[in-house]
Amino acid sequence: MDNGPAHRAGNARQWQQAGDVLGDVFEVSTVRREDYEFHRGRSEYEELLQSNNLPSSATPRGHQTPAAFLTMASGLHKHGVDSDAPLCYSHIDIAGSSGPFPGVPTGAPILAMATRYIFPHL
């Protein structure tokens, strides 16, 4: 999931294309306004709400909202395409690659990242 500057640079799309080379399927999602709204503080005593008490599978847009939270908590929301200092940020949800616990993790998206950043330099 790209923020505005990363989206303009085509970051997630490049990862998706790199994953296709070696069969490491990479799905691209979009962070939307409601994902940020989900994490806004509900009272004057809090700026951010980290999460609710439900698993991400039971939360609407549950895998997108952590990207919004991290963007807000880190201050990256101040560095979008309309800022004087835009910064590219892409969030990779790797929870699914952790596999069952206890068990063996899948390693996704290691092949896609290696194809994008390492193999071209070999």
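Predicted model: local features only at pLDDT ≥ 70, side-chain atom pairs only at ≥ 80, totals over all residues.

Visitor: Where is Q64, and what is it in contact with?

Guide: Q64 sits in the loop between α3 (33-39) and α4 (65-74). Setting aside neighbours within four places in sequence, Q64 is in contact with M1, S29, T30, V31 and D35.

Visitor: What makes the pair Q64 and H63 a polar contact?

Guide: Their side chains come to 3.2 Å. The cut-off for a pair of N or O atoms is within 3.5 Å, and residues adjacent in sequence count only if both atoms are side-chain atoms. The contact between Q64 and H63 is side chain to side chain, so it counts under that rule.

Visitor: Where does L70 lie, and which residues is it in contact with?

Guide: L70 belongs to helix α4. Leaving aside neighbours within four places in sequence, L70 is in contact with Y89 and H91. The C-alpha atoms of L70 and Y36 are separated by 9.9 Å, and the two residues are 34 apart along the chain.

Visitor: Which residues of α2 are buried, and how do you know on which side they lie?

Guide: In α2 (residues 11-22), the buried residues are N11, A12, W15, A18 and G19. They span an arc of only 120 degrees around the axis, which means that they are on the same side of α2. The face turned away from that buried side carries D20 and V21, which are exposed.

Visitor: What covers the buried residues of α2?

Guide: The cover includes α1 (4-9) and α5 (110-117). In α5, A112, M113, A114 and T115 are buried. The buried residues of α5 pack against α2.

Visitor: How do you know where empty space is left?

Guide: Rolling a probe the size of a water molecule over the atoms shows it.

Visitor: What lines the largest pocket?

Guide: The largest pocket has a volume of about 460 Å³. Its lining has 23 residues, and D2, N3, G4, V31 and Y36 lie nearest its centre. The elements giving two or more residues to this lining are α1, α2 and α3. By class, the lining has 6 nonpolar, 11 polar and 6 charged residues.

Visitor: And what lines the second largest pocket?

Guide: The second largest pocket holds about 380 Å³ of space. It is lined by 19 residues, with V25, F26, E27, I92 and D93 closest to its centre. This lining has 10 nonpolar, 6 polar and 3 charged residues.

Visitor: What makes a space a cavity and not a pocket?

Guide: In a cavity the probe fits but cannot get out, while a pocket is open. The structure holds 1 cavity of 30 Å³ or more. The largest cavity has about 30 Å³ of space.

Visitor: Which residues line the largest cavity?

Guide: They are M1, D2, N3, V31, Y36, A67, T71 and Y89. By class, they divide into 5 nonpolar, 2 polar and 1 charged.

Conventions: Residues numbered from 1 in each chain as written. Heavy atoms only, no water. Buried < 20%, exposed > 50% of the residue type's maximum accessible area, 1.4 Å probe, protein only. Helix = DSSP H or I, 4+ residues; strand = E, 2+ residues; numbered from the N terminus. Arc of directions from axis to C-beta. Contact = heavy atoms within 4.5 Å. Polar contact = N/O pair within 3.5 Å; in protein donor to acceptor, adjacent residues only side chain to side chain. 1 Å grid on protein atoms, 1.4 Å probe; cavity = no way out; pocket = protein on both sides within 12 Å on 5 of 7 lines; lining within 4 Å. Points joined across faces, edges and corners; volume = space filled by probe spheres on them. Nonpolar A, V, L, I, M, F, W, Y, C, P; charged D, E, K, R; others polar.
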